[in-house]
Amino acid sequence: AAETARDRDLLKTLRESILRRLAVVRRAPAAGEAGDAGDLDWAVDQIALARLDAACARLTGRAERSTSGFALFEAAEIARDRGVADLAESAEALMPVRSINV
């Protein structure tokens, strides 16, 4: 809705809110580490941040703030581990690079 209204201030406010939440949740669990109740929240926040960055890029014509592809990968893994396949697919769709040909 903020993008449709071309409300960059609201997009900025939403982004700042997510960054505050991420400062509390901090990170995804490392490989082999047990997840906690906050890991899915972290994943959702990473996906929301990537969506906001994309919306800002579309409005300004500038490159996205480069939401970490690794963070989106971890978000997708957490969502799959928690049985939320649709959320995992959302994260994967936002990844800047989905495969590398060697």
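What follows is a conversation about reading helix packing in a predicted model.

Trainee: Before we start, what should I know about the model and its numbering?

Mentor: The model is predicted, so local features need pLDDT of at least 70 and side-chain atom pairs count only at pLDDT 80 or more, while totals for chains, interfaces and linings use all residues. Residues are numbered from 1 along each chain as its sequence is written, and side-chain values use heavy atoms, with hydrogens and water left out.

Trainee: How many helices and strands are there in the protein?

Mentor: Helices (H or I, at least four residues) and strands (E, at least two) are DSSP runs, numbered from the N terminus. Here you get four helices and zero strands, in the pattern α-α-α-α along the sequence.

Trainee: How does the length of α2 fit what a helix should span?

Mentor: The expected span is 1.5 Å times one less than the number of residues. For the 23 residues of α2 that gives 33 Å, and the end C-alpha atoms are 33 Å apart, so the two agree. α3 has 13 residues and reaches 18 Å from its first C-alpha to its last, close to the 18 Å expected.

Trainee: At what angle do α2 and α3 cross?

Mentor: Axes are lines fitted to C-alpha atoms, for helices over the stretch in contact, and angles run from 0 to 180 degrees between N-to-C directions. The axes of α2 (residues 38–60) and α3 (residues 69–81) come within 9 Å and cross at roughly 135 degrees. That makes the pair oblique; under 35 degrees counts as roughly parallel, over 145 as roughly antiparallel, 65 to 115 as roughly perpendicular and the rest as oblique.

Trainee: Which residues of α2 and α3 make the contact?

Mentor: Contact means heavy atoms within 4.5 Å. On α2, the contact residues include Trp 42, Gln 46 and Ile 47, and on α3 they include Leu 72, Glu 74 and Ile 78. The contact divides into 10 nonpolar, one polar and two charged residues. In that scheme, Ala, Val, Leu, Ile, Met, Phe, Trp, Tyr, Cys and Pro are nonpolar, Asp, Glu, Lys and Arg are charged, and the others, Gly among them, are polar.

Trainee: How is α3 placed against α4?

Mentor: Their axes come within 7 Å and cross at roughly 165 degrees, which makes α3 roughly antiparallel to α4. Leu 72, Ala 75, Ala 76, Ala 79 and Arg 80 in α3 meet residues of α4 including Leu 87, Ala 88 and Glu 92.

Trainee: Which residues of α3 are buried?

Mentor: Buried means under 20% relative accessible area, exposed over 50%, partly exposed in between (1.4 Å probe, protein chains only). In α3, the buried residues are Ala 71, Leu 72, Glu 74, Ala 75, Ala 76, Ile 78 and Ala 79, and they pack against α2 and α4 (85–94). An α-helix has 3.6 residues a turn, so residues three or four places apart point the same way.

Trainee: What is Ala 76 in contact with?

Mentor: Ala 76 is buried, with a relative accessible area of 1%. Leaving aside neighbours within four places in sequence, Ala 76 is in contact with Ala 88, Ala 91, Glu 92 and Met 95. Ala 76 and Glu 92 are 16 residues apart in sequence, yet 6.4 Å apart in space, C-alpha to C-alpha.
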